[in-house]
Amino acid sequence: MTTSIAGGSSNLHYRLSFCQAKGCGQTSRISSLTFNGCLRDDISWSDGLSKLLKFQRHKFSRSTIIKTWKPLGTRKVSVSSCLRESTVKYFDFAVIGSGVAGLRYALEVAKYGTVAIITKAEPHESNTNYAQGGVSAVLSPSDSVESHMQDTMVAGAYLCDEETVRVVCTEGPDRIRELIAMGAMFDHGEDGNLHLAREGGHSHHRIVHAADMTGREIERALLEAVVNDPNISVFEHHFAIDLLTSQDGPDMVCHGVDTLNTETQQVVRFISKVTLLASGGAGHIYPSTTNPQVATGDGMAMAHRAQAVISNMEFVQFHPTALADEGLPIKPIIARENAFLITEAVRGDGGILYNLDWERFMPLYDERAELAPRDVVARSIDDQLKKRCEKYVLLDISHKPREKILSHFPNIAAECLHYGLDITRQPIPVVPAAHYMCGGVRAGLQGETNVQGLYVAGEVACTGLHGANRLASNSLLEALVFARRAVQPSIDHMKSSSLDLSASNWWARPVVPHSLGSNVMDDVLRKTREVRKELQAIMWKYVGIVRSTTRLETAEVEINELEAQWEKCLFEKGWEQTMVGLEACEMRNLFCCAKLVVSSALARHESRGLHYTIDFPHLEESKRLPTVILPSLVNNNTWSSRQLHKQVIF
Amino acid sequence: MAAARRINLNRLFSSLAPPSSSNAVSKTWVIDTAAVRSEYTDRIVKLATQQSPQENQDQETVKKQEKEEITHQDSQNEEEDDDGLDLNKETGEIGGPKGPEPTRFGDWERNGRCSDF
């Protein structure tokens, strides 16, 4: 890490100003970097960040080499050595996450070496699997890449990186065709062509889908191919703890990842020449989210701790109307795993929004009332909830004919009836739910990060495609394109890397806390669960849809206090710095992501796309820049902000 | 022909089913892939030779009209094509969701539940 940039402050924020070559499709060049008041020279966007952090070009200088690692071709191979309770495995490529990005990448790189796919639950548990809509691509003769690009940039409030958008929109169609060749079955029309739907924000029909389970279908096709590939080993129920990194001169290098097998409670260390982070989103920093339980921001947190650059974390996409369990007559016994979103069609068909005093509030915010754009509705609901300190609002469709309600929305009707609510006679309780993280680990056009040997793809990455707001169905597309693009540089890096087989000893090992005993572990678990709920409550209360500087600063203080309190409790009970457990590690990742979101939100002094703040309620052209968080170089004094092991410096 | 519907393990792996709260979303209508593919191929060959250049444009117009008239077409919406091919007459889609176009109000909805937007 170039300490010359440090300037002594942690969580450095700075602005990159773009010079967007409008309409020319040229590489965006950074015309100036203002950093603590200093100006730097022109750098191209795609390698801007790595250059910024290095200042001078340094080739990856090889450390002491003992052996050249040759890829092995047999399935489930591992040169493993057992050391007390922990195991070390060696692979050419390690993939963290088994969603569309991880699987797609694995299938390609497996042609060149051994691959480990590390997934924290079952392989199909991913945000991909819950993506029931579709994937967008230009597949109709009447459509065009320029149109898709334009729609993306408009949706992204012009914060998108133009080159990234062009690349993704151009390469999308080929990625879809490849999926079809791999066996994914998308729906067709009577004319024999792919049936293309049109979602909000798109000016053409371009959404490819498989009934209403596109993500699941893609996941199924990819998993089938993965299972049949002899070079790929899948490690289910392996929770990734921290990336294994070392500093080689000015470069940070990634050598693999430590994991915890949550079924056997064994630590497994993966040493790999190349690591792809494809760990998905962080919806569970909020209390209500559409994301499955696995989405706790593990990858973003690990990358941040590994000194990777993080970007645009303030842009969290919420859906305005998820079913609010608190408002149901019969409360679900088991907390709903992921939010039930109520479609816009309810409002489109005449549904009215009321607060708990039965005041129709939408006309106060927009003359289109309930038919205002989704973002406006989301903000309005959030504003009402915060002003009135309430937990949900009401969406009432009961004034419509019963038969129409039941035939249009049988799913909502059934779900609500299950909990004692008849939507033909009573209003539906709704609350906004977190859905997608537009920001994440900063990626170049090849999915590269500022950490050598570490690549990212999918929701965990911030590629510049989504800008300040994601266009519908662009997320699966981004995952496919970047997973593919990261392949060649990964192969090149793998071929030029050699691995010291004693590397596994360079870092202190994580420890499973057997020594604490079950009573202490129960206490730790209970406390951690409470703290998670408290963190989610803070995030929703202070870092929701309508923000303000005061609320964000309050969030910062409260989160830091909560984190200190939690860690104190843990360490007082005997928890040690290198101890690991699923819930505790998830908690430290949630803290890390929450703080990244808050810092990023505080840094943006304008409102754009998904980030709305009453202190800076308008768009500012001069602020049309990504928010970038550089690694913390000092004051890493919390467990969530430090890697478990010490870093190795050559 | 309509009877030729058997459980399709490819499309609806029970082992890949999401948690029960979202089971309600995916309908359990099933297709026999092989049977559909062969019927499908025959039909596509037939249709391809009949396809008019106007078809795509017409489909777009039809879709717009359908969106506007949605409230008047309930009883007809769920009607299934019964010559063996799982065709949704309203959207022109084969093997797709039944009923009105899921994206007619901008988001992706099925029976009221939204999954993408």
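Where is F361(A) found? That is the topic of the first of these close-up views, all taken from a predicted model.

**View 1. F361(A) in its loop.** F361(A) sits in the loop of chain A between β19 (352-354) and α8 (362-365). With a relative accessible area of 1%, F361(A) is buried. Setting aside neighbours within four places in sequence, the contacts of F361(A) are L353(A), Y354(A), N355(A), S380(A), I381(A), Q384(A) and V393(A). One of these partners, V393(A), is 32 residues away along the chain, and its C-alpha atom is 10.0 Å from that of F361(A).

**View 2. Helices α14 and α15 of chain A pack against each other.** Two packed helices are described by the angle between their axes and the distance between the axes. Here helix α14 (residues 517-542) of chain A meets helix α15 (residues 549-572) of chain A at an angle of about 175°, and the axes are 10 Å apart. That angle makes α14(A) roughly antiparallel to α15(A). On the α14(A) side, the contact is made by V524(A), K527(A), T528(A), V531(A), E534(A), L535(A), I538(A), M539(A), K541(A) and Y542(A). Facing them from α15(A) are R551(A), L552(A), T554(A), A555(A), E558(A), I559(A), L562(A), Q565(A), W566(A), C569(A) and L570(A). Sorted by class, the contact of α14(A) with α15(A) has 13 nonpolar, three polar and five charged residues. Keep an eye on W566(A), one of the α15(A) residues in this contact, for the next view.

**View 3. W566(A) and its aromatic partners.** Over all chains, the structure holds twelve aromatic pairs. W566(A) and F591(A) form a tilted pair, with 5.7 Å centre to centre and 35° between the planes. This pair links distant parts of the chain, 25 residues apart: W566(A) belongs to helix α15 of chain A, and F591(A) to helix α16 (residues 582-603) of chain A. How buried are the two rings' residues? W566(A) is buried, with a relative accessible area of 0%, and F591(A) also counts as buried, at 0% relative accessibility. W566(A) pairs with W639(A) as well: the ring centres are 5.9 Å apart and the planes stand at 50°, so this pair is tilted. Because W566(A) lies in helix α15 of chain A and W639(A) in the loop between β28 (627-629) and β29 (648-649) of chain A, the pair ties together parts that are 73 residues apart in sequence. W639(A) is buried too, with a relative accessible area of 0%. Together, W566(A), F571(A), W575(A), F591(A) and W639(A) form one aromatic cluster.

**View 4. Helices α4 and α12 of chain A cross.** The axes of α4(A) and helix α12 (residues 474-485) of chain A come within 8 Å and cross at roughly 90°. The two helices are therefore roughly perpendicular to each other. From α4(A), the residues T164(A), V167(A), V168(A), E171(A), G172(A), R175(A), I176(A), E178(A) and L179(A) take part. Their counterparts in α12(A) are L477(A), L480(A), V481(A), F482(A), R484(A) and R485(A). This contact of α4(A) with α12(A) divides into eight nonpolar, two polar and five charged residues.

**View 5. Backbone positions with a positive phi.** Most residues other than glycine have a negative phi, and most peptide bonds are trans. A157(A) is not a glycine, yet its phi is positive, about 55°. A157(A) is placed in the loop between α3 (145-155) and α4 (162-181) of chain A, and is buried, with a relative accessible area of 14%. Q307(A), not a glycine either, has a positive phi of about 75°. The loop between α6 (298-305) and β16 (310-311) of chain A holds Q307(A), which counts as buried at 8% relative accessibility. In helix α11 (residues 410-418) of chain A itself, N411(A), I412(A), A413(A), E415(A) and C416(A) are buried.

**View 6. Chain B.** Chain B has three helices and four strands, which run α-α-α-β-β-β-β from the N terminus on. Of its 117 residues, 50% count as buried. Chain B exposes about 6,200 Å², and carbon and sulfur atoms supply 52% of that area. Among contacts in chain B between residues at least 6 apart in sequence, 44% join residues at least 24 apart.

Notes
Residues numbered from 1 in each chain as written. Chains lettered and ligands numbered in written order. Predicted model: local features only at pLDDT ≥ 70, side-chain atom pairs only at ≥ 80, totals over all residues. Heavy atoms only, no water. Axes fitted to C-alpha atoms, helices over the stretch in contact; angles between N-to-C directions. Parallel < 35°, antiparallel > 145°, perpendicular 65-115°, else oblique. Contact = heavy atoms within 4.5 Å. Nonpolar A, V, L, I, M, F, W, Y, C, P; charged D, E, K, R; others polar. Buried < 20%, exposed > 50% of the residue type's maximum accessible area, 1.4 Å probe, protein only. Areas by Shrake-Rupley, 256 points an atom, 1.4 Å probe, with all protein chains shown as cover. Phe/Tyr/Trp six-rings, centres within 6.5 Å; stacked < 30°, edge-to-face > 60°.
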